[in-house]
Amino acid sequence: MENNEYKMLTVEEVQEYIPFGRDKVYALMRSDSFPAMRIGRQYVVSKKNLLAWIDRNSGKVFNL
């Protein structure tokens, strides 16, 4: 069985975990509090870091 916790997720794949529109996900990925990185012109985040970020920030309010 393949371990995919370090799989890098694109904006479209992040939308499967966070039900935001594309522009909101881009804004989130550009924010300093989100564990994304930019490789060339593409923003990505590891699945492991995304899930940890969701757990840490449950119940918080974000203004994007």
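**Exercise 1. Place the helices on the sheet.**
Task: At about what angle to E3 does helix H2 run, and which strands does helix H2 lie across?

Solution. 
Step 1. Helix H2 spans residues 22–30 and lies across E1 and E3. Its angle to E3 is about 70°. This is a predicted model.
Step 2. Turn to helix H3, residues 47–57. Helix H3 also lies across E1 and E3. Here the angle to E3 is about 75°.

**Exercise 2. Work out the strand order.**
Task: In what order do the three strands stand in the open sheet, and which strands are at the edges?

Solution. 
Step 1. Read across the open sheet: the order is E1-E3-E2, with antiparallel pairing.
Step 2. Find the edges. Strand E1 (8–9) and strand E2 (37–39) each have a single partner strand, so one side of each has no neighbour in the sheet.
Step 3. Recall the general rule. Sheet strands pair through backbone hydrogen bonds, parallel or antiparallel.
Step 4. Check one pair. E2 and strand E3 (residues 42–46) are joined in the antiparallel sense over three bridges.
Step 5. Pick a residue. Met37 has Val44 in E3 as its bridge partner.

**Exercise 3. Describe the surroundings of Ser46.**
Task: Is Ser46 buried or exposed? Which backbone nitrogen does its side chain reach?

Solution. 
Step 1. Locate the residue. Ser46 belongs to strand E3.
Step 2. Apply the cut-off: buried means under 20% relative accessible area. Ser46 has 8%, so Ser46 is buried.
Step 3. Follow the side chain. The Ser46 side chain reaches the backbone nitrogen of Asn49 at 3.0 Å.
Step 4. List the contacts, setting aside neighbours within four places in sequence. Ser46 touches Glu5, Tyr6, Lys7 and Met8.

**Exercise 4. Find the salt bridges and judge their exposure.**
Task: How many salt bridges does the structure hold? Which residue forms a salt bridge with Lys7?

Solution. 
Step 1. Count them. The structure has two salt bridges.
Step 2. Take Lys7. Its partner is Glu13, with the closest N and O atoms 3.1 Å apart.
Step 3. Lys7 is partly exposed at 39% relative accessibility. Glu13 is partly exposed too, with a relative accessible area of 21%.
Step 4. Take the other bridge. The side chains of Arg22 and Asp23 meet at 3.9 Å, N to O. The cut-off is within 4 Å, so the pair counts as a salt bridge.
Step 5. Arg22 is partly exposed at 47% relative accessibility. Exposed means over 50%. Asp23 has a relative accessible area of 57%, so Asp23 is exposed.

Technical notes. Residues numbered from 1 in each chain as written. Predicted model: local features only at pLDDT ≥ 70, side-chain atom pairs only at ≥ 80, totals over all residues. Heavy atoms only, no water. Buried < 20%, exposed > 50% of the residue type's maximum accessible area, 1.4 Å probe, protein only. Pairing = 2+ DSSP bridges. Helix = DSSP H or I, 4+ residues; strand = E, 2+ residues; numbered from the N terminus. Contact = heavy atoms within 4.5 Å. Axes fitted to C-alpha atoms, helices over the stretch in contact; angles between N-to-C directions. Polar contact = N/O pair within 3.5 Å; in protein donor to acceptor, adjacent residues only side chain to side chain.
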